[in-house]
Amino acid sequence: GDSSDEETITSSMPPPALKGLALRDLRQQKTLDPQGHFAEKKRISILRSGSILSKEILEGDHQIYDSLSQVFTLFETLYPSAVLSEFQFLMEWDTLDEEQKLHRYDSKASHEIHFFLYCKDRPFFDTFVRPSLSYKLEKTFLDKFFLEEDVSSYLTAPHFGALNCFEMILLSQRVSSEERKR
């Protein structure tokens with residue numbers, strides 16, 4: 001056999017005593033009929049302003065996230081990341097003065113920030129972002145979307161295939177809204 005100069009030492013250590021922690025019964029509280037067939041479904045339902053929660057939603061286990069701040073906190077909990085934390089300033093965007101907004105925008109300008117501003121702070125977007133996008137020689141789909149230019153060329157095979165899922169959703173919304181106007 002092979003001989004090696006490396007040695008491995010292992011040790012088993014019990015976890016420290018966890019005093020003062022209350023035990024919780026994690027067994028299923030409500031039993032299901034053994035003769036029945038059951039499946040668990042996880043669904044996300046988006047409710048528009050003024051919508052009413054259905055009885056089906058109210059009877060199930062659910063968590064309502066009704067602000068960007070709550071969704072951001074959820075993502076920080078589920079996917080802790082230094083990169084995500086860098087965007088915490090967006091949660092206080094509407095409390096920042098114009099100089100602070102410009103400083104933050106200058107340091108983090110991206111399509112994602114543009115989308116946020118397009119949806120959440122249109123005056124800032126129109127004043128500071130739109131002019132810079134309009135001067136670009138080669139505009140991306142998102143640039144054209146933000147500038148409210150015609151994006152119907154992206155419905156053709158070569159252009160459509162280059163879009164990511166988010167861009168496809170935006171394209172479908174824009175095209176359907178343009179068709180409704182006709």
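**Entry 1: Phe 115 and Phe 166**

I looked up Phe 115 and found this residue partly exposed, at a relative accessible area of 25%. The scale calls a residue buried under 20% relative accessible area, exposed over 50% and partly exposed in between, with a 1.4 Å probe and protein chains only. Phe 166 is likewise listed as partly exposed, at 35%.

The model is predicted, so I noted that local features need pLDDT of at least 70 and side-chain atom pairs count only at pLDDT 80 or more, while totals for chains, interfaces and linings use all residues. Residues are numbered from 1 along each chain as its sequence is written, and side-chain values use heavy atoms, with hydrogens and water left out.

**Entry 2: aromatic pairs**

Rings of Phe, Tyr and Trp (its six-membered ring) pair if their centres lie within 6.5 Å; planes under 30 degrees apart are stacked, over 60 edge-to-face, and the rest tilted. Phe 115 and Phe 166 form an edge-to-face pair, with 4.9 Å centre to centre and 85° between the planes. Phe 115 belongs to helix α5 (residues 111-120) and Phe 166 to helix α9 (residues 165-181), so this pair ties together parts 51 residues apart in sequence. Helices are DSSP runs (H or I, at least four residues), numbered from the N terminus.

I then recorded Phe 145 and Phe 146, an edge-to-face pair at 6.0 Å centre to centre and 75° between the planes. Both of these residues are buried. Ring pairs also link Phe 87, Phe 89, Trp 93, Tyr 105, Phe 116, Phe 124 and Phe 128 into a cluster.

**Entry 3: charges over rings**

I checked for charges over rings (NZ of Lys or CZ of Arg within 6 Å of the ring centre and within 35 degrees of the ring normal). The charged end of Lys 108 sits over the ring of Phe 87, 5.6 Å from its centre. That of Arg 122 sits over the ring of Tyr 118, at 3.8 Å from the centre.

**Entry 4: cysteines**

I searched for disulfides (pairs of cysteine sulfur atoms within 2.5 Å) and counted zero. Cys 119 is partly exposed at 48% relative accessible area, and Cys 165 is exposed at 56%.

Terms used:
Helix = DSSP H or I, 4+ residues; strand = E, 2+ residues; numbered from the N terminus.
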